[in-house]
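Please find below my notes on the model under review. They are arranged as numbered points, beginning with a single residue and widening to the fold.

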Amino acid sequence: MLIKPAGSTPQTGTAGQRFRSALAQNQPLPIVGTINPFCALLAERAGHKAIYLAGGGMATHSHGLPDLALTTMTEVLEDVRRITDACDLPLVVDVDTGFGDVFNIARLVKGLIKDGAASMHIEDQVVLKRCGHRPNKSLVTTGEMVDRIKSSVDARTDESFFIIARTDSLANEGLQAAIDRACAYMEAGADMIFAEACAELDQYRAFVKAINRPHAVLANITEFSLTPSFTLDELASAGVSAALYPLSAARAMSHAASTVYEALLKDGSAQNVLNIMQSRTELYEVLNYHAYESKYDELFSADASGL
């Protein structure tokens, strides 16, 4: 029997329903990247209401690969299960271009729902995609992306599962063409538009105005990118409904890890970097470790008394 982490809140409704509720209650809703189950628990402990599994984050931190469509549907679903088994926060999943044709996309959607995901975003790049903030991106036609969305919608076994359509077209085709694509994607059944690589708040305003639906636009606030680090208040003023922070914690973790590795060679000890480490006490609190130990003690005591 698994013991829930200390401070976790019992959840009701499907994952999709919980995500929709979080969107309705938070304007905009921060969605934070969690590269593994423990990060998901940390996000929950900090008070976040939604979490995210980034394709680039999974490629880098689970496989040591760049964000260039090198991972598979099976690998994504495996990481989804690990996170949803540990944490009840609604999870948004980056599925790149869907890992194949419309039948693969349908399998993917069913798998995500079965494994406890709340939402996914699928994009309009070609299968050999690139990071959304890199040059030389290539797009499929609007019609092909519409087919991806329709396949996703038709495959839903839970109507509350939230489908986000990402468009990378702003960089290639300009604002009006990107808006035209976004409107077509919403008409095809998407619940929200992920407007990638916007550089100005007015660009978000244009998407919000054209789509003209509640909870319709997501901003990707990823560091060291084409998009400035707009505040939640600034995004709210533009009508943005959700703000994605895909790798903020992962970048901090990687920097801290590098610092520790270098210090061990330079100083011959970790003494000088203890201040950037999580303590054993904090670790145990997040995992509710002592509750597990108490259960062990109870079971072993029962076994001993039965001898």
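**Notes on the predicted model**

1. Serine 241 counts as buried because its relative accessibility is 4% (buried means under 20% relative accessible area, exposed over 50%, partly exposed in between; 1.4 Å probe, protein chains only). This serine lies in the loop between α10 and β8; helices (H or I, at least four residues) and strands (E, at least two) are DSSP runs, numbered from the N terminus. Not counting residues up to four places away in sequence, serine 241 touches Leu23, Asn26, Gln27, Pro28, Leu29, Met192, His215, Ala216 and Val217, where contact means heavy atoms within 4.5 Å.

2. As to the basis of these notes, the model is predicted: local features need pLDDT of at least 70 and side-chain atom pairs count only at pLDDT 80 or more, while totals for chains, interfaces and linings use all residues. Residues are numbered from 1 along each chain as its sequence is written, and side-chain values use heavy atoms, with hydrogens and water left out.

3. In a regular strand the side chains alternate between the two faces of the sheet. In strand β8 (residues 242–245), Ala242 and Leu244 point one way and Ala243 and Tyr245 the other, and all are buried.

4. Strand β8 runs parallel to β1 (residues 29–33), to which four bridges join it; leucine 29 stands opposite alanine 242 there. Three bridges pair β8 with β7 (residues 217–220), also in the parallel sense, and alanine 219 stands opposite alanine 243. Two strands pair if DSSP finds at least two bridges between them.

5. The barrel is closed by eight strands in the order β1-β2-β3-β4-β5-β6-β7-β8, with parallel pairing. From one strand to the next, the twist averages 25° (axes are lines fitted to C-alpha atoms, for helices over the stretch in contact, and angles run from 0 to 180 degrees between N-to-C directions). Helix α1 (residues 15–25) packs on the sheet, touching β1, β3, β4, β5, β6 and β8, and its direction makes about 130° with that of β1.

6. The largest nonpolar core has 62 residues, of which Ile51, Leu112, Tyr204 and Leu235 touch the most other members; such a core is a set of buried Ala, Val, Leu, Ile, Met, Phe, Trp, Tyr and Cys residues joined through side-chain atoms within 4.5 Å. Helix α5 (residues 102–114) supplies the largest share of this core, six residues. A second, separate core of 22 residues includes Phe19, Ile35, Met192 and Leu218.
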